[in-house]
Amino acid sequence: MVMSDKRHQISKAMERLTEIAPAGWQTGIHIRFAQPLYLRSTYPQAWQDFYATNAYSLRDPLVFWGISKTGTVRWSEIALPDPFGVMNKAHEFGLRFGAVISCGKITSRTIVGIAHGEREFTDEEIAETAAITDKLHQAADFPQKLTPVAVEALVLSAEGLTSEDAAMRLGISEDVFDARLASACGMLGVRTTAEALRIARELRLI
């Protein structure tokens with residue numbers, strides 16, 4: 001029930017971001033070791049593809065600002081070098097105005113970027129986005145540990161065992177093993193075993 005509530009909170013927050021940012025938005029939640037545990041973007045797909053192809057995540061002044069600072073800033077106010085012309089390229093894809101919001105510890109940062117094609121965002125819109133960013137950061141928080149049976153189920157899955165083989169090794173039914181995997185996914189707030197394994201490894205829970 002708790003994880004269901006959290007998913008609902010995240011879904012509603014992202015729906016509101018879509019209303020605020022007509023040209024799209026992107027969020028990286030709990031960025032650790034230069035990688036977000038959760039990444040979502042509604043920027044134009046052509047821009048996302050171009051951004052990925054050119055490895056702009058390593059060159060983007062918006063990302064540098066969000067990692068190095070917390071708070072809010074309009075794109076036009078960021079006074080950081082942009083030797084690769086990331087912002088000029090974004091303009092070509094219709095991302096002409098925007099803002100960055102960053103919160104959380106430097107070891108677990110959440111960054112949200114919002115874009116508009118026609119005008120600067122108002123102070124009120126940026127303040128609301130900051131509140132949404134904080135909500136996303138809090139709602140997507142992850143547990144500090146898993147139950148022993150959840151860890152056991154994930155470890156066996158990580159070894160490549162099928163549910164049937166893992167259940168046989170443990171001397172339990174396949175349904176029980178699948179329930180343990182589902183429980184691990186629920187604790188981590190994800191839907192698939194692959195996602196659970198990725199997050200559990202990054203959090204060093206297994």
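This is a predicted model: local features need pLDDT of at least 70, side-chain atom pairs count only at pLDDT 80 or more; totals for chains, interfaces and linings use all residues.
Are α8 and α9 oblique or roughly parallel to each other?

The protein chain contains 9 helices and 5 strands. In sequence order these elements run α-β-β-α-α-β-α-β-β-α-α-α-α-α. Along the principal axes, the C-alpha atoms of the chain occupy a box of roughly 60 × 35 × 30 Å. The chain has 206 residues, of which 41% count as buried. Among contacts in the chain with a separation of 6 or more, 61% are accounted for by residues 24 or more positions apart. The accessible surface amounts to about 11,100 Å², and carbon and sulfur atoms hold 54% of that surface.

The opening question concerns helix packing. Two packed helices are described by the angle between their axes and the distance between the axes. Helix α8 spans residues 174-188 and helix α9 spans residues 193-202; their axes come within 9 Å and cross at roughly 55 degrees. An angle of 65 to 115 degrees would count as roughly perpendicular and one under 35 degrees as roughly parallel. The two helices are therefore oblique to each other. The crossing of α8 past α9 is left-handed. On the α8 side the contact involves Leu181, Cys185 and Leu188, and on the α9 side Thr193, Ala196, Ile199 and Ala200. Sorted by class, this contact has 6 nonpolar residues, 1 polar residue and no charged ones.

Helix α6, residues 148-158, also packs against α8, with the axes 8 Å apart and an angle of about 105 degrees. The pair is therefore roughly perpendicular. From α6, the residues Val149, Ala150, Glu152, Ala153, Leu154, Leu156 and Ser157 take part; from α8, they meet Phe177, Arg180, Leu181, Ala184 and Met187. The class count for α6 with α8 is 9 nonpolar, 1 polar and 2 charged residues.

Leu154, Ser157 and Ala158 of α6 make the contact with Thr193, Ala196, Leu197, Ala200 and Arg201 of α9. By class there are 5 nonpolar, 2 polar and 1 charged residues in the contact of α6 with α9.

Individual residues in other parts of the chain can be taken next. Glycine 113 belongs to strand β5, residues 109-116. Its relative accessible area is 12%, and a residue counts as buried under 20%. Apart from neighbours within four places in sequence, glycine 113 is in contact with Gly24, Trp25, Gln26, Tyr43 and Ala99. The C-alpha atoms of glycine 113 and glycine 66 are 9.2 Å apart, while the two residues are separated by 47 residues along the chain.

Threonine 133 is located in helix α5, residues 123-139. With a relative accessible area of 0%, threonine 133 is buried. Setting aside neighbours within four places in sequence, the contacts of threonine 133 are with Ile101, Cys103, Thr110 and Val112. Of these partners, Thr110 and Val112 fall within the residue range of β5, 109-116.

Histidine 30 has a phi near 55 degrees and sits in strand β1, residues 24-32. Histidine 30 counts as buried, at 2% relative accessibility. Alanine 55 has a phi of about 50 degrees and is placed in the loop between α2 (45-53) and α3 (61-68). The relative accessibility of alanine 55 is 30%, so alanine 55 counts as partly exposed.

Methods: Residues are numbered from 1 along each chain as its sequence is written. Side-chain values use heavy atoms; hydrogens and water are left out. Axes are lines fitted to C-alpha atoms, for helices over the stretch in contact, and angles run from 0 to 180 degrees between N-to-C directions. Helices (H or I, at least four residues) and strands (E, at least two) are DSSP runs, numbered from the N terminus. Angles under 35 degrees count as roughly parallel, over 145 as roughly antiparallel, 65 to 115 as roughly perpendicular and the rest as oblique. A crossing is left-handed if the near helix is turned anticlockwise from the far one by less than a right angle, and right-handed if clockwise. Contact means heavy atoms within 4.5 Å. Ala, Val, Leu, Ile, Met, Phe, Trp, Tyr, Cys and Pro count as nonpolar, Asp, Glu, Lys and Arg as charged, and the others, Gly among them, as polar. Buried means under 20% relative accessible area, exposed over 50%, partly exposed in between (1.4 Å probe, protein chains only). Accessible areas come from the Shrake-Rupley method with a 1.4 Å probe; for residues, only the protein chains shown count as cover.
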